[in-house]
Structure formats: C-alpha cells, structure tokens
Amino acid sequence: MATSHVSVTKTLTVFPKTLNSPKLLELSNLDRQCPLHVYLIFFYKPSSSSSLDSVFTNLKIGLEETLSVWSPAAGRLEPNPANGKLNLRCNNRGAILVQSFTHVEISELGDLSNYNEFFEKLVYKPVLNGNFSEFPLVVAQVTRFGCGGYSIGTGISHSLFDGPAAYEFLSAWAAKSAIFKDKNEPYGVELHTPVHERGRLLMGYDTKRSLEKRAMPLSGAVAIDHLYRLIMQSMTGKEEIGKKEYVYRTFRLSRGMIERLKKNAMGENGGFACSSFDVIAAHLWKARTKAMSVSKEKMVCLQFAVNARNKLMPPLPKGFSGNAFVLASVALTARQLEDESYKTIVEMIRNAKSRVDNDYINAYKQGLEGPQASLPPLKELTVVSDWTRMPFHKIEFLHGQALYASPLKPPILDVAYFLQSPTDSQAIDVRVPLLGGTLEAFSSYFLTGMQ
C-alpha cells in the first residue's frame with residue numbers, strides 16, 4: 001500500500017432521538033465477564049452514489065432512532081459501591097460516531113477474511129483509564145476508501161450484548177439508516193422488540209433452589225472447573241504461555257471439504273451422523289493441540305459457547321438483549337485426544353451440549369460470583385464461538401450485503417470463530433488463533449482429509 005494513513009475528520013457523540021427516563025439496569029454475572037469492546041468491521045463495495053458526509057449523516061440519524069429503543073446502548077457501566085460489581089446506568093450519555101477517509105483501496109487489503117494490521121485503523125478505540133462512567137458502550141467509525149468503498153467498524157461492550165443481541169442491534173441500526181433504500185421498506189431479517197431486563201439470569205432468582213435440588217458444588221459448571229484446572233496446570237509448568245503472541249488465520253471450508261471430513265471421520269467406526277459444527281470442532285481441537293506441541297500428559301480442553309436462551313425453563317423472551325451464553329467443555333490429555341476416534345470426541349461434544357440445562361446455567365452463574373481476573377493465553381485451551389447463525393455480512397448498512405464482516409481479536413479469550421462465508425452460504429470460514437511458529441504445522445494437520 002502506497003500510504004496506509006487513515007484521516008479522522010469528525011468525531012461526534014450521538015444521543016437518542018427520544019431521551020429515556022434514567023434508570024439503573026442490574027447486570028447478570030454473564031454480562032460482567034467482559035466489559036470491553038468486541039470489534040467488527042463491515043466492508044462494502046465502491047459506490048459513487050453517496051458522499052462520505054451523506055453516509056455519515058444517515059448513519060447518525062439511524063443511530064439516534066435506534067438508541068431510543070435500545071436505551072442501554074446509550075448508557076454507561078457503573079460499579080456498585082458496595083461490592084464493585086458492574087451494573088448499567090441508562091443515562092442517555094450516547095454513543096460515539098467517527099468519520100474518516102483513506103487513500104488506500106479495499107483491493108489492496110487482500111483477502112478480507114484474514115486479519116490485517118490495517119484493520120485496527122478502521123475502528124475507534126476509546127481509552128478506559130479505569131473510569132467506566134466515561135467509557136461509551138457503543139462506538140463506530142465509517143471510513144471511505146480511495147476506491148469509493150466503505151468500511152463501518154463497530155465496537156460494542158460485551159457487557160451490553162452477546163452475539164445474537166449485537167446482530168439484532170446492528171440490523172435495527174442499518175434498517176433505520178436507509179442510506180440506499182426506503183426507510184419504510186421491510187428489512188431482510190425479523191427484528192424483535194428488545195427486552196433489556198436480565199430477569200431470570202440475575203443471581204438469586206432461582207439459583208439457590210436449583211443448586212440445592214441438584215446438590216451441586218460450584219464445580220458443577222464443568223467449564224469453570226476445567227478452566228481452574230488448566231490455570232493450576234500452567235502455574236506448575238515451566239512455559240511462559242501468557243507472554244506469547246497469537247496470530248489469526250482463516251481457513252475457508254467448502255461444503256465438499258466438510259463432507260469429506262465427515263466421510264473420513266465416519267469411516268473410522270462404520271458410520272455415524274454428526275453436525276458440521278461437531279466434526280469441525282473435533283478436528284480443529286485435534287489439529288491445534290498437535291500443532292501446538294502440547295506435552296502428551298497435559299490436560300487439554302475444548303470449550304464452546306452454548307446459547308442458553310432456550311435452555312432455561314421457561315425460556316428467555318424473544319428479543320432478550322443481554323448475555324445469554326455459557327461455555328460447555330470437554331477435556332482429555334493430549335495423548336488421549338490424539339488417540340481417540342472422531343466418534344468418541346463428537347459424542348463428548350454432544351454430551352457437553354446436553355448438560356447445559358437450567359441447573360448447569362445456574363451453577364455457571366454461581367461460579368462467576370467471585371472476583372474476575374484475566375485469563376492468560378493457554379495453548380492447552382481451544383475455545384470456539386459459532387457465528388454461522390449470525391451472518392453479519394448480510395447487514396445492509398450500505399448498498400447490499402457487505403463484502404466481508406471481519407471480527408478483530410477478542411478482548412479476553414483467544415477464540416476460534418466459525419463464520420458463514422459471504423460468497424458461499426454452505427461454506428464455513430474458520431478463524432483460528434495460533435502461535436506464529438505453528439501456522440504451517442496446523443495448516444497441514446487441519447487440511448489433511450478435506451482436500
């Protein structure tokens with residue numbers, strides 16, 4: 001790229017069009033796990049039909065209307081003075097919207113599915129400085145490229161929304177912005193009225209009764225128990241895992257590659273049916289652990305997010321806007337993982353999913369009740385987040401679908417993302433965190449049996 005500079009020309013605080021009555025929204029322990037921003041960048045093809053100022057103005061108007069309904073997004077986090085736990089003050093403080101331009105052309109960025117350091121210049125990153133009352137929960141930056149294309153880089157506090165809620169919020173904002181379409185035109189996805197109260201996910205709702213009924217200790221949330229054991233294992237080892245930097249690489253798995261992987265896995269034991277998620281997660285776990293050269297006697301763990309909305313009894317209401325994901329977990333030694341069949345590992349993944357019920361969710365919430373600390377990167381831990389049911393690239397902020405919607409590195413765990421491909425709805429983009437020196441080995445292990 002001749003010049004990779006991005007020039008910021010405008011920074012505004014966007015307030016709700018209709019101000020809401022101030023109130024305090026109590027957060028759940030699921031919300032409090034990560035108050036920092038999760039960043040996502042949408043890239044749109046060139047268009048000469050609208051100026052940067054016009055795009056910015058329409059996004060601002062749409063955001064003003066959206067914040068009137070999604071009122072917590074205009075608020076600020078606030079520590080409880082009694083116990084330090086974060087809650088959300090709905091106080092109409094607003095979101096931040098930034099306008100910028102660059103002479104770089106989108107084509108110069110190469111494959112948009114793979115991380116590029118230049119992406120970091122396409123998002124606005126407020127400094128926390130330990131003061132949550134000044135930390136906006138939603139930020140966005142619209143950038144016009146030299147080719148006439150656009151990016152919209154969004155940052156949303158994970159304490160505000162989880163993935164499905166963020167998808168609905170961004171879809172609602174896009175529908176209200178109406179940059180290249182009639183604002184009254186029906187949007188492509190069904191949008192629910194948001195329900196912001198955390199309700200049954202708050203501590204004390206039915207947690208104590210549930211735990212007593214099951215006689216379950218805190219470690220009944222298997223994922224938390226496994227994390228504790230991994231941390232203890234790392235403290236007794238000699239490796240300084242936390243000081244190593246991870247890089248992200250994306251692998252596009254076509255339908256044919258996924259079917260070949262399933263066929264090869266089924267051939268081990270005479271055949272069994274399994275979902276694409278289960279077999280890819282099992283294969284990723286095997287390949288990543290082997291590429292990381294984890295000692296054979298070490299415990300290794302696969303964890304993956306499970307949507308608890310319909311796991312609770314009764315289920316959470318449609319439109320629930322808070323965090324409703326818990327981690328399920330399976331663990332083996334590295335030697336067992338290498339030796340076990342795909343059938344066994346897939347069955348372990350299925351069993352871990354099935355254990356996520358009302359009691360597990362309550363135990364998980366209870367397990368998060370203590371002080372929270374940052375988890376150091378652990379090569380023995382593989383975490384997967386399935387975004388294939390949240391096709392962010394289909395959100396039409398501008399003319400048509402995005403060329404790509406690229407997540408930046410998450411603020412806490414090094415997560416492997418499963419993303420729906422914008423060019424092939426039956427393909428899955430697998431974005432994997434790897435230590436720099438392991439990329440070649442992982443690529444060989446991971447692609448074996450699929451090509």
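Predicted model: local features only at pLDDT ≥ 70, side-chain atom pairs only at ≥ 80, totals over all residues.
Visitor: How many salt bridges does the rule give?

Guide: Side chains of opposite charge can pair when their charged atoms come close. The rule asks for a side-chain nitrogen of Lys or Arg within 4 Å of a carboxyl oxygen of Asp or Glu. By this rule the count comes to 16 salt bridges.

Visitor: How many residues apart in sequence are the parts that Asp31 and Arg198 tie together?

Guide: The side chains of Asp31 and Arg198 meet in a salt bridge with an N to O distance of 2.9 Å. Asp31 lies in the loop between strand S2 (23-25) and strand S3 (37-44), and Arg198 in the loop between helix H2 (163-177) and helix H3 (207-214), so the parts tied together are 167 residues apart in sequence. Here helices (H or I, at least four residues) and strands (E, at least two) are DSSP runs, numbered from the N terminus.

Visitor: Is Asp31 buried or exposed?

Guide: Buried means under 20% relative accessible area, exposed over 50%, and partly exposed in between (1.4 Å probe, protein chains only). Arg198, at 1% relative accessibility, counts as buried. Asp31 has 0% relative accessibility and therefore counts as buried.

Visitor: What is the relative accessible area of Lys296?

Guide: Lys296 meets Glu338 in a salt bridge of 2.2 Å, N to O. This pair links distant parts of the chain, with Glu338 in helix H7 (residues 334-339) and Lys296 in the loop between helix H6 (276-291) and strand S10 (299-307). Glu338 is partly exposed at 38% relative accessibility; Lys296 is partly exposed because its relative accessible area is 34%.

Visitor: Which residue meets Glu380 in a salt bridge?

Guide: Glu380 lies in the loop between helix H9 (358-367) and strand S12 (381-386), and its partner in the loop between H6 and S10, so the pair ties together parts 82 residues apart in sequence. Both residues of the pair are buried. At 3.8 Å, N to O, the partner of Glu380 is Lys298.

Visitor: What is the angle between the planes of Trp70 and Phe169?

Guide: Rings of Phe, Tyr and Trp (its six-membered ring) pair if their centres lie within 6.5 Å; planes under 30 degrees apart count as stacked, over 60 as edge-to-face and the rest as tilted. The structure holds 18 aromatic pairs. Trp70 and Phe169 form an edge-to-face pair, 5.6 Å centre to centre, and the angle between their planes is 75°.

Visitor: Which residue does the charged end of Lys286 sit over?

Guide: A charge sits over a ring if NZ of Lys or CZ of Arg is within 6 Å of the ring centre and within 35 degrees of the ring normal. Lys125 lies over the face of Tyr39, at 5.6 Å from the ring centre. For Lys286, at 5.4 Å from the ring centre, the residue is Tyr342.

Technical notes:
Residues numbered from 1 in each chain as written. Heavy atoms only, no water.
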